[in-house]
Every structure is written in C-alpha cells, then in structure tokens.
Amino acid sequence: MAAFNYIKFNYNCPCCDNSVDIIAQTHIASDYHGDSTGHFMGRTYSLGDKMAWYLPCDGEFDDWMTWGKPKNGELVCERCYADCDSCHCELTVLIEFKNLVPVKVSKIERLSK
Ligand SMILES: [Zn+2]
C-alpha cells in the first residue's frame, strides 16, 4: 500500500541541531478512498489532531492501522521516514498513535545508511 499521510511537528534535528519543522510519512489512516472532504491520504496532521478516516460503523474502520487491528484505546507505534526542513538529513521517527490521533514522537534518529 503506497498511500500515506504526513505528521508535522517541531523538533531539534539530530543532524544539524536546529529546531525545525519535521514532516514524517505515516501509513496510519491512509487509503485511496475517502469521504466528502477528500481522500484519506496526502493530508498533513499535527500531534493531537484526529485523523480523517471511515466511521466506526463502516467495515473499513478497523483498518486504520494498515498492518493490524488495534483495539479501542490501544497505543500503536509506527517507524516513519522523515527529513529535516533545514539540512535535509534523512531521519526515522517513532510516532505513537491512539484512536487515530498521533499523540507523541517517542524517538527520532538519523537514518543509518
Ligand atoms: Zn537538520
């Protein structure tokens, strides 16, 4: 599945140590389909935002985490690719999600080649 969304947050880049906006790609809540507001992909969210997705009564609702079915309230982590807006260093970011909300950036590292 190649659909994804973006999570944008401010962080000190581990490469250049500047406080920058970092945009990470996530597969959470991404689908080529959508609702009246548009596709469930290519959207940019901040931490704490509720991500657009199917309604709980829709059959697709449980697929918001593309590699499993989280229980209601379960905290799930995704390792996301990102890059620094300032030095363009490639990064990996661990983001925690709960009930379709990106709640926390728990780890950020330089991508090892
Ligand atoms: Zn940087």
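View 1. Buried here requires 20 or more other C-beta atoms within 10 Å of the residue's own, exposed 12 or fewer, and partly exposed lies in between; C-beta atoms are placed from the backbone. The model is predicted: local features need pLDDT of at least 70, side-chain atom pairs count only at pLDDT 80 or more, and totals for chains, interfaces and linings use all residues. Numbering starts from 1 along each chain as its sequence is written. Strands (E, at least two residues) and helices (H or I, at least four) are DSSP runs, numbered from the N terminus. E3 pairs in the antiparallel sense with strand E4 (residues 38–40) over three bridges. Pairing requires at least two DSSP bridges between two strands. Opposite aspartate 35 stands glycine 38 in E4.

**View 2. The whole fold.** The protein has eight strands and zero helices. From the N terminus on, its elements run β-β-β-β-β-β-β-β. The radius of gyration is 14 Å, close to the 13 Å of the globule rule for 113 residues, so the protein is as compact as a globular protein of that length. That radius is taken over C-alpha atoms, and the rule is 2.2 Å times the number of residues to the power 0.38. Along the principal axes, the C-alpha atoms fill a box of roughly 45 × 25 × 25 Å. Of the 113 residues, 19% count as buried.

**View 3. The six-stranded sheet.** An open sheet of mixed pairing has the strand order E5-E1-E2-E6-E7-E8. Its edge strands, E5 (44–46) and E8 (101–110), each pair on one side only. Neighbouring strands of the sheet are turned by 35° against each other on average, direction ignored. The axes are lines fitted to C-alpha atoms, for helices over the stretch in contact, with angles from 0 to 180 degrees between N-to-C directions. E2 and strand E6 (residues 75–84) run antiparallel, joined by three bridges. Here isoleucine 22 stands opposite cysteine 84 in E6. Eight bridges join strand E7 (residues 90–98) to E8, also in antiparallel fashion. Glutamate 96 faces lysine 104 in E8.

View 4. Strands E1 (residues 5–12) and E2 (residues 19–26) pair in the antiparallel sense over eight bridges. Tyrosine 11 has valine 20 in E2 as its bridge partner. Six residues lie between the strands of this hairpin, and aspartate 17 takes a positive phi near 65°. Cysteine 15 lies in the loop between E1 and E2. This cysteine is partly exposed, with 18 other C-beta atoms within 10 Å. Leaving aside neighbours within four places in sequence, cysteine 15 is in contact with Cys84, Cys87, Cys89 and Arg110. Contact means C-beta atoms, placed from the backbone, within 7 Å. Cysteine 15 and leucine 91 are 76 residues apart in sequence, yet 8.8 Å apart in space, C-alpha to C-alpha.

**View 5. The largest nonpolar core.** This core has 17 residues; those with the most contacts inside it are Ile7, Ile22, Ala24, Cys80, Ala82, Val93 and Ile95. E1, E2, E6 and E7 are the elements that give two or more residues to this core. A nonpolar core is a set of buried Ala, Val, Leu, Ile, Met, Phe, Trp, Tyr and Cys residues joined through C-beta atoms within 7 Å. Beyond its neighbours within four places in sequence, valine 93 is in contact with Ile22, Ala24, Cys80, Ala82, Val105 and Ile108.

Notes
Two residues are in contact if their C-beta atoms, placed from the backbone, lie within 7 Å.
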